Amino acid sequence: MSNITAAVIANRNKKHFLGVPAPLGYVAGVGRGATGFTTRSDIGPARDANDVSDDRHAPPATKRKKKDEEEEEDEDLNDSNYDEFSGYSGSLFSKDPYDKDDEEADAIYDSIEKRMDEKRKEYRDRRLREDLERYRQERPKIQQQFSDLKRSLATVTTEEWSTIPEVGDSRNRKQRNPRAEKFTPLPDSVLSRNLGGETTSSLDASSGLASMVPGVATPGMLTPTGDLDLRKIGQARNTLMNVKLSQVSDSVTGQTVVDPKGYLTDLQSMIPTYGGDINDIKKARLLLKSVRETNPNHPPAWIASARLEEVTGKVQMARNLIMRGCEINPQSEDLWLEAARLQPPDTAKAVIAQAARHIPTSVRIWIKAADLETETKAKRRVFRKALEHIPNSVRLWKAAVELENPDDARILLSRAVECCNTSVELWLALARLETYENARKVLNKARENIPTDRQIWTTAAKLEEANGNIHMVEKIVDRSLTSLTANGVEINRDHWFQEAIEAEKSGAVNCCQAIVKAVIGIGVEEEDRKQTWIDDAEFCAKESAFECARAVYAHALQMFPSKKSIWLRAAYFEKNHGTRESLEALLQRAVAHCPKSEILWLMGAKSKWMAGDVPAARGILSLAFQANPNSEDIWLAAVKLESENSEYERARRLLAKARGSAPTPRVMMKSARLEWALERFDEALRLLAEAVEVFPEFPKLWMMKGQIEEQQRRTDDAAATYTLALKKCPTSIPLWILSANLEERKGVLTKARSILERGRLRNPKVAVLWLEAIRVELRAGLKEIASTMMARALQECPNAGELWAEAIFMETKPQRKTKSVDALKKCEHDPHVLLAVSKLFWSEHKFSKCRDWFNRTVKIDPDLGDAWAYFYKFELLHGTEQQQQEVLERCIAAEPTHGESWCSVSKCIRNWQFKTPDVLRAVVQKLSIPI
C-alpha cells in the first residue's frame with residue numbers, strides 16, 4: 001500500500017511538458033524579460049543575421065534534395081493552409097498517376113510561363129541587381145569594409161610587418177601563465193658543511209630523501225669528504241680548457257694551427273657578409289647559370305655571377321667564374337677589368353697583361369695596367385707601350401704627360417699634337433710649356449687645325465698681354481670673332497662673358513675688357529640695351545669679376561652718357577668695390593654729363609670730405625651751386641660741411657642765404673636747429689615762430705619749438721605749443737606722444753591718457769600710440785590695465801611688431817616663450833619681434849641662438865639702430881674682440897637712423913655732432929641687460 005502511494009505521488013508531481021519538444025518560437029525566460037540571441041554558428045562566418053546569402057555556406061545538394069523530398073511527402077492539408085485563389089499550398093493530386101495528358105498540360109504551362117518570364121526577365125534582372133547593389137551599399141559585408149585596409153597591406157615593409165605584435169592569448173591568466181615550480185638555491189656554506197660529515201636529524205636515514213643529501217648516506221667511494229670550494233672548481237675548469245687549447249694549438253711541425261686567444265674572432269670572419277635570404281641566393285645562382293649556358297657570349301652575365309659570389313663571400317669561386325668568362329669572351333674589356341679587380345695585385349698584373357694581348361686597342365685596359373704599377377718608371381713604360389698601339393688617344397697622352405718633367409712633357413706634347421691634332425687641351429698645354437715665340441707658332445698651328453674653337457684665340461690674347469703687347473689683345477679678340485663667324489660658329493654672349501670672367505681670374509685684365517667690349521652688343525635689341533647691360537654688370541659683380549663689370553659700365557656710359565641712372569649705378573659700384581680715386585674720377589665725368597643731378601655732386605663732395613679734403617669738397621659744392629642755384633639739398637650739404645668742421649659762422653651765413661633764395665621748411669628747420677645746438681635759444685625760437693607762420697603744417701618745426709620751451713622749463717608754453725600744433729598737424733604721431741609725455745611729467749596722468757585716446761581716434765590702427773598708452777600705465781604701476789589695453793591693441797593691430805615685442809616681456813618668464821611663438825606666427829619677418837626673441841634667448845643664457853637671431857634681425861632691417869645696439873652690447877659681454885669689431889664695422893657701414901633708443905640719443909641736441917660709432921656706444925651704455 002505504501003508503494004502504490006509513493007508511485008501516485010511521483011506521477012502527480014511530474015510536469016506535463018517534460019520530455020516534450022519546445023513549441024515553435026519558444027524562448028526560455030521570455031516572461032521575465034529574457035531575450036533570444038543569434039550566435040556566429042547560426043549565420044556563418046563574418047555575416048549579419050539578416051544579410052542576403054550568397055550560397056557560399058549552403059548545405060550540400062544531396063541534403064537539400066532529401067529535405068525537399070521530405071517536405072513534399074509531408075503535405076499540409078489543413079484548412080488554415082487553404083486559399084480561395086490558389087488552393088492548398090501543395091498539390092492535391094501529387095499521389096495520383098502521371099499520364100500523357102498531364103505531361104502535355106505541364107509542357108503547355110511551362111512554355112507559357114517561359115514566355116511570360118522572358119518578357120519581364122531583363123527588367124526583373126536589372127531590378128534585382130539594383131536592389132542588391134543598394135543593399136550592399138547600405139549594409140556592406142565585413143570583408144568589404146576592410147578592403148581598403150587590405151589593399152594598404154601591399155605597402156607594408158618587412159620591418160613594419162616584423163614589429164606587429166602577436167595576437168594575445170585570451171585565456172584566463174592562471175591558464176595562460178601556470179605558476180612554475182620554484183627552486184631556491186642553497187648557499188655554498190650549507191653544501192660544504194654537509195659534505196664535511198655533519199648529519200641532520202630531521203630526515204630519516206632510511207627514507208628515500210636521505211640519499212639526496214650528502215653526508216646522510218653511507219660514506220663510500222662516491223661520497224666526497226672534506227671541504228668543497230666552488231671557486232677552485234671554476235679555476236680547474238679554466239685550466240683544463242687551456243690544456244686542451246695548448247694540445248690543439250701546435251701541430252707536429254710546430255706551426256700554430258689554432259690561436260688560443262682569437263679563435264672565436266677568426267670564426268667571425270668565416271660568416272658571409274651577405275645578410276639576405278639564402279633561398280634568394282640559390283635562385284639568383286640558378287638564373288645566372290641559365291643565362292650563362294643559354295648565351296655564354298654575354299659578358300654581363302659572367303660579371304653578375306662573379307659579383308654574386310663575391311657578395312656571398314666566395315671570392316675564389318667568383319675569380320674562377322670571371323676567368324672562365326674571359327676565356328669564352330676574350331674581346332670583352334669589361335670582363336678583363338672585372339677579373340683584374342677580383343684578383344690580388346700580383347695576379348691582377350698577369351691578368352691585365354693577358355687582356356692587353358687580346359685587346360691591345362682598349363684605353364681602359366692600359367689605364368688599369370698603369371694603375372696597378374707602383375713605380376713611376378713602370379707607369380711610364382706602360383703608357384708608352386699603350387701609345388704605340390693607340391697613338392690617337394687623348395686620354396693616354398694626357399696621362400703620360402702628367403708623369404713627365406716639363407722638358408720631356410714638351411717633347412711628348414709635340415708628338416701628341418701631331419697624332420691628335422684636334423685636341424684643344426693638348427695644343428694649349430704645349431703652348432704653356434713653350435717660350436713666347438714658340439707658343440705663338442703653336443697657337444697659330446692650333447688655329448689652322450681647329451678653326452672653330454674660341455679658347456685658342458683667348459689664350460693667344462692672354463699670351464700677348466702677359467708679354468706686354470697690350471695693343472695686340474683687342475686686335476686678336478676682334479679677329480677671333482671674325483674668324484669664328486666665317487667658319488660658321490655662333491657667337492654666344494654668355495659663353496664669351498664666361499671667358500672674360502675666367503680671363504680676369506687668371507690676371508688678364510685687358511683681355512677680359514677687350515672680350516666684353518667686343519661681344520657686349522651682339523644679339524641685343526636696341527631698345528633693350530640699357531637694361532641688358534645693367535644686368536650684365538650686376539652678374540659680373542656677383543661673380544666677383546669687377547673689371548668685367550667696369551668694362552660693361554664704361555661701354556654703357558659711352559653709349560648713354562646722359563643717363564643719370566647708369567652713372568649712379570656705376571658710382572655705387574665704385575663706392576663698394578673700387579677705390580676713392582676711381583670713384584672721384586667717375587663722379588667728375590658724371591657731373592660733366594649730368595650737371596643737374598644733385599646726388600652726383602653731393603656724392604663727390606662727400607667723398608672729398610670723408611677723405612679730409614674740405615677745400616675740395618667746398619669747390620665741388622660751389623660748382624654745384626652754379627649748376628643748381630636754388631637746390632635745397634646742395635645748400636644743406638654745404639651747411640653740414642661747414643658745421644661738421646666747426647665753421648659755425650660760415651654755416652649761419654649759408655643758411656641765411658638759403659633762407660633768402662630757397663625758403664623751404666627743411667632750410668628753416670636746419671637754421672633753427674643750428675641755433676639751438678649753439679644754445680642760442682631766443683634766436684632759434686624767433687626763427688621757429690617765423691617758420692610756423694609760413695609752414696604751419698610742417699610738424700618738425702612745432703616739435704622743435706615745444707622741445708626748446710621744455711628745455712627752458714616753460715612747460716605751460718610748451719603745452720600750448722603742442723595743443724596748437726595738434727590742431728594744425730593732427731596726423732603727426734610724434735606730436736601726440738610729446739604732448740602726452742609732457743602731461744605725464746607734470747603728473748596729470750588723466751590728461752595724458754585723454755591725449756593718447758584722442759590721438760587714437762584721429763589716427764586709428766597706429767601701433768605706436770597704443771604702445772605709448774600701454775607704457776604710460778606700466779610706468780604708473782597699473783599692470784592689469786596695461787594688460788587689458790595690450791589685448792585691445794593686438795585686436796586692432798594684429799600685425800604690429802612693436803606691440804608683440806612689448807607683449808613678450810610683459811608676460812611672466814614661463815609664458816614668454818609661448819608668447820614669442822604667437823608673435824612669430826603673426827609677424828615672422830618683423831625686426832622688432834626678432835629683436836625681442838633675441839633678447840629672450842639672451843635672458844635664458846642661450847648665447848649661440850641669441851647671436852643667430854641678432855644676425856637675422858640686422859639682416860632684415862639694417863636701419864634699426866636698437867638692434868645694432870643690443871647686438872653690440874651682447875658681443876661686448878659674451879663675444880671676442882674680433883666679433884665686437886665686426887659688429888661695429890657692420891653698424892658703421894649700415895648707418896642706422898631708426899629705433900626708439902637710437903633716436904633718443906642721436907636726436908638729442910647735446911649729441912648733434914655724434915657720428916655713428918659715438919651714437920652706438922652711447923645707446924649701449926643706456927641699454928639694460930634683458931632679464
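Let me begin with tryptophan 912, which is partly exposed because its relative accessibility is 22%; buried means under 20% relative accessible area, exposed over 50%, and partly exposed in between, with a 1.4 Å probe and protein chains only. Before I continue, please note that this is a predicted model, in which local features need pLDDT of at least 70 and side-chain atom pairs count only at pLDDT 80 or more, while totals for chains, interfaces and linings use all residues. Residues are numbered from 1 along each chain as its sequence is written, and side-chain values use heavy atoms, with hydrogens and water left out.

The structure holds ten aromatic pairs; rings of Phe, Tyr and Trp (its six-membered ring) pair if their centres lie within 6.5 Å, and planes under 30 degrees apart count as stacked, over 60 as edge-to-face and the rest as tilted. In one of these, tyrosine 648 and tryptophan 912 form a tilted pair, at 5.9 Å centre to centre with 45° between the planes. Tyrosine 648 lies in helix 34 (residues 648-661) and tryptophan 912 in the loop between helix 49 (900-906) and helix 50 (916-926), so the pair ties together parts 264 residues apart in sequence. Helices here are DSSP runs (H or I, at least four residues), numbered from the N terminus. Tyrosine 648 also counts as partly exposed, at 23% relative accessibility.

Phenylalanine 854 and phenylalanine 871 are stacked, because their ring centres are 5.3 Å apart and their planes at 15°. This pair links helix 46 (residues 847-860), which holds phenylalanine 854, with helix 47 (residues 865-878), which holds phenylalanine 871.

I turn now to charged side chains. The count comes to 39 salt bridges, each being a side-chain nitrogen of Lys or Arg within 4 Å of a carboxyl oxygen of Asp or Glu. One of them joins glutamate 499 and arginine 454 at 3.5 Å, N to O. Glutamate 499 lies in helix 25 (residues 493-505) and arginine 454 in helix 23 (residues 454-466), so this bridge ties together parts 45 residues apart in sequence. Glutamate 499 is buried at 11% relative accessible area, whereas arginine 454 is partly exposed at 27%. Finally, Arg307, Glu310, Glu338 and Arg341 are linked in a network of salt bridges.

Terms used. Helix = DSSP H or I, 4+ residues; strand = E, 2+ residues; numbered from the N terminus.
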